[in-house]
Amino acid sequence: MTRKPTFVESLSTIIVMVVIVTTGFVFFEIPIQILLIMSSIYAAFIAVRLGLTWQDLEKGIAERLNTAMPAIFIILAVGIIVGSWMFSGTVPALIYYGLDILNPQYFLVSAFFISAITSVATGTAWGSASTAGIALISIAHQLDISSGMAAGAIIAGAVFGDKMSPLSDTTNLAALVTKVNIFKHIKSMMWTTIPASIIGLIVWFIAGLNYHGQTKEQQVQQFLTELSTIYHINVWVWLPLVVIIICLLVKISTVPAMLISSFVAILVGTFNHHFNMIDGFKATFDGFKLSMIHQPHVSSNVKHLIEQGGMMSMTQIIVTIFCGYAFAGIVERAGCLDVLLEQISKGIKSVGTLILMTVVCSICLVFAAGVASIVIIMVGVLLKEMYEHLNVSRVVLSRTLEDSSTMVLPLIPWGTSGIYYANQLNVAVSDYFIWTVPCYLCAIIAISYGFTGIGIKKIYKKTFN
C-alpha cells in the first residue's frame, strides 16, 4: 500500500455500501449477497487507488474469513442438530408439551425464558432459535399469537442467553479482544442486559393479556394427535437434549457436543420411532423429510414443522457470511476502518462521550458489515486505550461492545443474524423488530450509564510519593 486512505475515501466505502444495500434490498429485493459483492467492488476500487493489489485483498478477505470459521462450524452443526432432533422427535416433543401446558397469556414471557435457557446451555442463539425457537413459533401459530410478538420474545431470549453463556463465540471474543476474564465480562453485562430484559418481560406480559383464551382448541388437538401418531413421545425423546447439556457441563466444546447429541438423536429415532437409520444421517445433511416417516398423510402445519434442518439449510447464511466478510476484509485491509475510528476518537473527552462513541461506531459498523465479530475486534482494539486513558475498566468496554453489536445484530435485515432468524422462524425483521425489546434497549441503557456514572467500574492507578 503506497498511502493511507483519506477520511473521505474511508467514509465513502461505508456510505456506498449502505446506499447499495438499502436501495437494492428494500426497493428492488435484490439478494443481499449480490449487494454485498457490489459493495465489495467499490471498496476494492478504493483499495487499488491506495496501491493494494488483488493478492493483498485476497489475503485480507482470507484473514477475515479465518476469524469466521468457528461461527461457520457452529452454523453447520446447528443444521445437523436440527435435522437429527426432528428425526428423534425432540423438537416435536417440545411443541407437544408446550401446546399442552403453555397458557396463551404467559406465552411470550415463557418463550423468552425457554429460549434464554437453551442459549445458555448451548452457547449459541442461532441453535436456540432453530430448536426451541422453531417449537415455540409453531406453538404461537396454534395459539393464534402474533408471529412478530412471538419471534421478538424468542430472539430476545436467545440473544440474552447467548450473552450470558461462557460457551458463546461472541462472548469469548469480546473478553479476548478487551483482555478481561470471561466471567467478569458476563457479570458486567448484567448491568445492562437484566434491566433491559425486565422491561421486555413487562411489555410481553402486558401484550400477552390480550390473548386470554384465544386458543384454537380443535386445531391444537388435531395437531397434538398427528404428532403423537408420527412419534412415540416418551422419555427417550429427551435424551439428545440431556446429552448436549451433560457434554457442555463437562466442558466439551460446543460443536463436538452438538455432534454427539445429533448421533444420539439418530439412535433415538431409529430404535424409539423405528425410522430408518440411513434416513437419520440423510436428515443431518438435507433435513428431515415427510418421506422418512410411516404416516402417509399429514396436515400442512405438521409438514411445515417437521421438514427442517440439515447442513444444506445453512448454505444461504454461510454464503452471506462469505460475501459480508469479503467487504469487511477489503475495507479493513485498505485501512479505512482504522482511519474512521481514529478520527472519531479524537473528540472523546469524557466517559459519557466515550461510551456514546463506542455505541455509535459499533452500530454503524454492524449495520455496514452485518456481522458482530468484526465490530468487536475493530472497535475493541482501537478504543481500548481510550478507556484506560479515562481510567475506565475494560469490562465496561467489553459489555458495551456486545450491547451495541451482538444485541443489535438481529435487527438488521441484511445482517447474518437478521437473515438467519427471519428464515428459521419465517417472520420478517420488520414484524419482530419492535418486540425484541432488550435488543435495542441495551445500547440506550449503556449510553445513559456513561453520562450518569451508574455501573461504570473505574480503575485507579497507584501513585508513589
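Helices here are DSSP runs of H or I with at least four residues, strands are runs of E with at least two, and both are numbered from the N terminus. With that settled, S188 is found in helix 9 (residues 182-208). Keep in mind that this is a predicted model: local features need pLDDT of at least 70, side-chain atom pairs count only at pLDDT 80 or more, and totals for chains, interfaces and linings use all residues. Residues are numbered from 1 along each chain as its sequence is written, and side-chain values use heavy atoms, with hydrogens and water left out.

**The whole chain**

The chain has 22 helices and 0 strands. Its radius of gyration (taken over C-alpha atoms) is 23 Å, close to the 23 Å that the globule rule gives for 465 residues, so the chain is as compact as a globular protein of that length. That rule is 2.2 Å times the number of residues to the power 0.38. Taken along the principal axes, the C-alpha atoms fill a box of roughly 70 × 50 × 45 Å.

Of the 465 residues, 58% are buried, where buried means under 20% relative accessible area, exposed means over 50%, and partly exposed is in between (1.4 Å probe, protein chains only).

Now for contacts, meaning heavy atoms within 4.5 Å. Among those between residues at least 6 apart in sequence, 80% join residues at least 24 apart.

**Charges and salt bridges**

There are 24 positive and 22 negative side chains, and the centres of the two sets lie 15 Å apart. Lys and Arg count as positive and Asp and Glu as negative, while His and the chain ends are not counted. Each charge is placed at NZ of Lys, CZ of Arg, CG of Asp or CD of Glu.

Side chains of opposite charge can pair when their charged atoms come close. The structure holds 5 salt bridges, each being a side-chain nitrogen of Lys or Arg within 4 Å of a carboxyl oxygen of Asp or Glu. Among them are these:

| Pair | N to O distance |
|---|---|
| R49 and E9 | 3.0 Å |
| E63 and R333 | 3.6 Å |
| R394 and E388 | 3.0 Å |

Take R49 and E9, which meet in a salt bridge. The pair links distant parts of the chain, with R49 in helix 2 (residues 32-49) and E9 in helix 1 (residues 7-27), 40 residues apart. R49 is partly exposed, at 46% relative accessible area, whereas E9 is buried, at 9%. R3 also comes into the picture: R3, E9 and R49 are linked in a network of salt bridges.

E63 and R333 form another salt bridge. This pair also links distant parts of the chain: E63 sits in helix 3 (residues 54-88) and R333 in helix 15 (residues 315-333), 270 residues apart. E63 is partly exposed at 37%, and R333 is partly exposed at 28%. As for R394 and E388, R394 counts as partly exposed at 28% relative accessibility, and E388 does too at 27%.

**A few residues to look at**

Back to S188. This residue is buried, with a relative accessible area of 6%. Leaving out residues up to four places away in sequence, S188 touches V395, V396 and R399.

A372 is in helix 18 (residues 372-389), and A372 is buried, with a relative accessible area of 5%. Its contacts, again leaving out residues up to four places away in sequence, are V366, S405, T406 and L409. A372 and S404 are 32 residues apart in sequence but 9.0 Å apart in space, C-alpha to C-alpha.

Next is I306, in helix 14 (residues 300-306). I306 is buried, with a relative accessible area of 0%. I306 touches M86, Y231, F288, L290 and I293, not counting residues up to four places away in sequence.

Finally, Y106 lies in the loop between helix 4 (90-101) and helix 5 (107-122). Y106 counts as partly exposed, at 41% relative accessibility. Y106 and G380 are 274 residues apart along the chain, and their C-alpha atoms are separated by 39 Å.
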